[in-house]
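Colleague: I have not looked at this structure before. Could you show me how to read its features, one by one?

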Amino acid sequence: MQALAKSTPESNMKKYGSSLAKFQSLIALVILCLTISLLSDKFFTVDNAWNVMRQISVNICIATGMTLVVLTAGIDLSVGSVLALAGAITAGLLRNGIEIPAGNLYIGFTLLGAVVAGLLTGALLGAFNGWTITRFKVPPFVATLAVLTIARGFTMLWTKGFPISSLGENFAFLGTGWFLGIPLPVWISGIIVIAAVVVTNKTRFGRYVYAIGGNENAAKLSGININRIKIAVYTIAGGLAAIGGIIVTSRLDSAQPNAGITYELDAIAAVVIGGTSLSGGRGSIMGTVLGAIIIGVLNNGLVLLNVSPFWQQVVKGFVILLAVMIDKANSKND
Amino acid sequence: MQKKAIKNIAAIVLLLVVAYNSVYFKKLDEVKAAAVSKEFDAVTYASNYLTVKLTPQLSNAIELQELIQKVHAEPESTFQKYSHALGIGNIKYFLVKGEGVITAIGDDAVSLLLKNDSAQKEIKIATEFVFGNAVRDASGLININEFNNTMDFNNVSAEINKIIRSEVLPPFKSRVKKGDLVQFAGAIELNQAHVSLEEIEVVPVGLKIVKQ
């Protein structure tokens with residue numbers, strides 16, 4: 001009886017409102033797709049769908065790592081530069097190997113070796129981020145901003161400011177190949193997403209990540225090794241940025257010294273639009289995937305509609321602002 | 001304890017397998033010698049392209065004034081039939097030829113009034129700054145897939161332009177005067193999305209002063 005008595009129109013509205021908030025990204029995506037398809041007949045085509053999926057796969061890789069970082073109430077601004085350095089290291093080792101004139105020695109790298117080296121580069125830089133944040137209590141914003149500059153500098157040093165091109169057909173297959181009718185980058189990002197969903201929802205590590213973001217002190221008092229989890233999270237974010245770098249390099253058949261500039265912003269935007277709270281503890285990987293798709297579709301739609309690249313930046317900025325404002329409003333309601 | 005040991009051994013074995021399949025060692029001087037023999041010679045390629053491939057094609061190039069008329073009348077089909085380009089951009093290149101009277105001689109180009117042109121169209125022929133990929137791409141005779149890397153491909157353009165600057169332009173520039181009747185062949189660039197025929201500039205491959 002009591003329950004029935006509580007079911008007032010006001011409480012029902014709140015319930016609907018909260019259900020709507022849960023699906024806000026999906027609703028936004030559907031509205032966006034419908035609007036663009038009305039304005040451009042090229043949007044709803046199979047080729048364009050694959051094109052969008054291929055383009056967003058890199059952002060999904062980065063944004064997945066970023067979600068873990070943001071869930072711990074952190075931020076990683078270095079992912080764009082880490083992506084560039086990992087791509088450059090992979091390309092450089094694959095194409096040029098390492099020359100040791102003193103010993104008349106040439107160390108060549110196979111595809112596997114170069115990819116592993118690129119991944120290790122990303123993971124190491126991520127671990128460095130985590131180490132400075134936890135060991136020296138440097139705010140994540142500052143620590144990762146520093147690594148953004150450091151990694152970009154190393155990329156310039158490694159590439160000498162020039163692209164490293166012609167990396168071979170096998171390497172190009174990673175970014176341009178198809179498997180079972182689906183582009184390989186989509187497979188890669190899909191596997192990463194599935195793994196991240198499992199880790200965040202079904203493992204102790206995932207629960208710790210949410211716990212740290214929700215209330216770090218409480219997590220510490222309950223015996224969670226916060227530093228270890230944070231270092232692991234930043235390491236994963238770095239590794240995933242490296243995977244993004246390898247995909248980008250493979251797609252272009254070239255490691256560009258300027259690759260990945262502002263990619264961190266797209267990743268953060270995907271995370272925020274996907275409903276992950278910037279203050280940590282609340283959000284999901286699937287939300288981020290939706291956020292990345294929204295950004296990808298928005299980019300694609302604006303290009304198809306011949307909107308100037310300058311206006312595209314403005315529109316994207318407003319969409320992010322809107323997403324944060326909705327997030328704040330939801331937090332208040334909660 | 002035993003489980004942990006098995007895990008560690010498995011990890012080490014995996015690490016060794018990955019390491020073994022990741023790197024290989026060679027003598028540095030052997031690698032360098034092999035690289036030198038494989039190096040692409042852009043100078044020879046560009047020279048062969050100009051003399052063997054492109055020059056015979058110039059007589060088949062479309063007359064510039066005819067092209068202008070066709071672009072005015074049927075832009076889409078004209079671009080489709082006569083232009084070449086790499087990639088999907090709007091910039092397209094045409095191989096053209098023509099004849100006209102020099103109306104002005106500037107620092108970086110000569111102006112020319114096309115002969116028998118009712119529209120009295122004045123065009124320019126570049127005589128100083130020859131750059132870009134117009135000559136390389138206008139004929140459609142070079143396939144990017146023939147090249148191992150984009151740097152080699154771009155070097156071909158650079159060498160073609162260098163040959164034009166050093167061999168085609170100097171004899172022409174030293175003799176040309178206002179009022180000369182000149183025959184030309186070369187490449188032009190047009191933007192298919194925003195076609196502008198007001199300032200056509202030909203990058204010359206062949207220049208001949210017919211009457212002074």
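Modeller: This is a predicted model. Start with one pair of side chains that joins the two chains: B:Lys32 forms a salt bridge with A:Glu99, and their closest N and O atoms are 3.8 Å apart.

Colleague: How many salt bridges are there between chain A and chain B?

Modeller: Side chains of opposite charge can pair when their charged atoms come close. Between chain A and chain B the count is 1 salt bridge, alongside 6 residue pairs in polar contact.

Colleague: Which elements of chain A supply the side that touches chain B?

Modeller: Strand 1 (98-100), strand 2 (105-109) and helix 6 (111-135) of chain A each supply at least two residues of that side. The largest share, 5 residues, comes from strand 2 of chain A. Sorted by class, the side of chain A that touches chain B has 9 nonpolar, 6 polar and 2 charged residues.

Colleague: In what sense do strand 2 of chain A and strand 1 of chain B pair?

Modeller: The two strands pair in the antiparallel sense, over 5 bridges, with strand 1 of chain B covering residues 23-27. To follow one bridge, take A:Phe109, whose partner in strand 1 of chain B is B:Val23.

Colleague: What is the area buried between chain A and chain B?

Modeller: The size of an interface is often given as the accessible area lost when the parts come together. Here the buried area is about 1400 Å², and carbon and sulfur atoms give 59% of that. In terms of contacts, 17 residues of chain A meet 16 residues of chain B.

Colleague: Which parts of chain A does the salt bridge of A:Lys230 and A:Glu216 tie together?

Modeller: The closest N and O atoms of A:Lys230 and A:Glu216 are 3.2 Å apart. A:Lys230 lies in helix 12 (residues 226-252) of chain A and A:Glu216 in helix 11 (residues 216-221), so the pair ties together parts that are 14 residues apart in sequence.

Colleague: Is A:Lys230 buried or exposed?

Modeller: A:Lys230 counts as buried because its relative accessibility is 13%, under the 20% cut-off. A:Glu216 is partly exposed, at 34%.

Colleague: How far apart in helix 7 of chain B are B:Lys162 and B:Glu159?

Modeller: B:Lys162 and B:Glu159 are 3 residues apart in that helix, so about one helical turn separates them. They form a salt bridge with the closest N and O atoms 3.4 Å apart. B:Lys162 is partly exposed, with a relative accessible area of 44%, whereas B:Glu159 is buried, at 14%.

Terms used: Residues are numbered from 1 along each chain as its sequence is written. Chains are lettered from A and ligands numbered from 1 in the order in which they are written. This is a predicted model: local features need pLDDT of at least 70, side-chain atom pairs count only at pLDDT 80 or more; totals for chains, interfaces and linings use all residues. Side-chain values use heavy atoms; hydrogens and water are left out. Contact means heavy atoms within 4.5 Å. Buried area is the accessible area (1.4 Å probe) that two parts lose on being put together, summed over both. A salt bridge is a side-chain nitrogen of Lys or Arg within 4 Å of a carboxyl oxygen of Asp or Glu. A polar contact is a pair of N or O atoms within 3.5 Å; within protein, one must be able to donate a hydrogen and the other to accept it, and residues adjacent in sequence count only if both atoms are side-chain atoms. Helices (H or I, at least four residues) and strands (E, at least two) are DSSP runs, numbered from the N terminus. Ala, Val, Leu, Ile, Met, Phe, Trp, Tyr, Cys and Pro count as nonpolar, Asp, Glu, Lys and Arg as charged, and the others, Gly among them, as polar. Two strands pair if DSSP finds at least two bridges between them. Buried means under 20% relative accessible area, exposed over 50%, partly exposed in between (1.4 Å probe, protein chains only).
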